[in-house]
Amino acid sequence: MRLGPRPAALGLLLLCAAVASAGDAEELHYPQGEHRSDYDREALLGGQEEVDEYVKLSPEEQHKRLKSIIKKIDLDSDGFLTESELSSWIQMSFKHYAMQEAKQQFVEYDKNSDGSVSWHEYNIQMYDRVIDFDENAALDDAEEESFRQLHLKDKKRFEKANQDAGPGLNLEEFIAFEHPEEVDYMTEFVIQEALEEHDKNGDGFVSLEEFLGDYRRDPTSEDPEWILVEKDRFLNDYDKDTDGRLDPQELLSWVVPNNQGIAQEEALHLIDEMDLNSDRKLSEAEILENQDLFLTSEATDYGRQLHDEYFYHDEL
């Protein structure tokens with residue numbers, strides 16, 4: 001099948017736009033490397049509907065809900081929030097909202113409301129038509145071939161998520177398709193997919209050269225900054241056994257979003273900013289003293305949790 005230029009270009013355009021937007025957001029969030037807390041509120045409470053809902057809460061109600069959230073974060077009920085407790089809460093928050101988003105998408109993709117999403121329905125939602133590529137026939141156009149590869153990867157992930165071999169994905173399987181990193185039975189698939197893409201010599205590992213992809217060093221000049229950053233990540237973040245290559249488990253830490261690292265970084269940031277007596281933990285009083293900072297952090301998903309009963313209700 002030959003795909004016309006519009007859908008292929010659209011797919012690549014969306015991918016590039018997502019990357020560009022992420023870079024722009026990072027620059028706005030951390031201009032010159034400095035954390036700008038008001039950006040968090042602007043970014044996630046900036047929509048008019050969210051702002052309207054936020055301002056409707058009285059200071060007393062904000063205070064009440066925030067204290068309820070603090071109590072839930074404090075797993076050992078000792079009256080203090082540690083780095084570990086804050087990190088665990090933030091990771092739980094990430095997962096909760098990812099699952100909520102997947103559930104909302106499921107309803108949108110399930111066109112005939114039969115409780116499952118077929119591959120046909122997935123294509124209709126994503127591309128407005130059913131796309132069917134020949135797995136063994138590469139396309140001459142580079143953009144179309146890139147799109148074909150991405151579409152075939154999606155199809156393989158869709159088939160792997162479909163545990164019961166039914167005509168479509170139920171909600172649990174759809175979550176596995178959208179967030180394979182959150183589902184145990186998808187782990188091996190994620191690893192094998194990454195090896196197929198990056199393990200060029202087929203030895204079951206990813207070397208530094210394979211990690212860097214098509215980059216070829218110019219012996220007459222120094223490596224660009226981005227290569228130095230990537231080399232540092234390979235050596236210090238991923239290659240835990242320092243053998244110069246990534247085994248399947250190390251590879252998983254690269255290809256799966258590292259929410260744990262993000263959560264730990266945010267937990268440390270909060271303690272650094274809010275710990276008034278330097279005991280490396282936060283009391284309720286310290287948090288309430290810095291309420292605005294806490295409400296513009298990932299610990300409350302930038303204030304979003306004050307509007308979600310899942311977090312502030314007495315039973316979690």
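How many aromatic pairs does the structure hold? The structure holds 14 aromatic pairs, where rings of Phe, Tyr and Trp (its six-membered ring) pair if their centres lie within 6.5 Å. This is a predicted model, in which local features need pLDDT of at least 70 and side-chain atom pairs count only at pLDDT 80 or more, while totals for chains, interfaces and linings use all residues. Residues are numbered from 1 along each chain as its sequence is written, and side-chain values use heavy atoms, with hydrogens and water left out.

**Aromatic pairs**

- Tyr 109 and Tyr 122 are stacked, because their ring centres are 5.7 Å apart and their planes stand at 25 degrees; planes under 30 degrees apart count as stacked, over 60 as edge-to-face and the rest as tilted.
- This pair links distant parts of the chain, with Tyr 109 in helix H5 and Tyr 122 in helix H6, 13 residues apart; helices (H or I, at least four residues) and strands (E, at least two) are DSSP runs, numbered from the N terminus.
- Tyr 109 also forms a tilted pair with Phe 174, at 5.4 Å centre to centre and 55 degrees between the planes.
- Phe 174 lies in helix H8 and Tyr 109 in helix H5, so their pair ties together parts 65 residues apart in sequence.
- Tyr 109 counts as buried at 7% relative accessibility, Tyr 122 at 4% and Phe 174 at 0%; buried means under 20% relative accessible area, exposed over 50% and partly exposed in between (1.4 Å probe, protein chains only).
- Ring pairs link a cluster of Phe 106, Tyr 109, Trp 119, Tyr 122, Phe 158, Phe 174 and Phe 177.

**Charges over rings**

- Arg 157 lies over the face of Phe 177, 4.4 Å from the ring centre; the criterion is NZ of Lys or CZ of Arg within 6 Å of the ring centre and within 35 degrees of the ring normal.
- The charged end of Arg 245 sits over the ring of Phe 205, at 3.5 Å from its centre.

**Helix H6**

- Helix H6 spans residues 119–127, and its buried residues are Trp 119, Glu 121, Tyr 122, Asn 123 and Tyr 127.
- The cover over these buried residues includes helix H5 (83–109), helix H7 (142–161) and helix H8 (171–178).
- Asp 128 follows H6 and has a positive phi, near 70 degrees.

**Leu 81**

- Leu 81 lies in strand E1 (residues 80–81) and counts as buried at 1% relative accessibility.
- Leu 81 and Ser 283 are 202 residues apart in sequence but 6.4 Å apart in space, C-alpha to C-alpha.
- Not counting residues up to four places away in sequence, Leu 81 touches residues including Ile 70, Lys 281 and Phe 294, where contact means heavy atoms within 4.5 Å.
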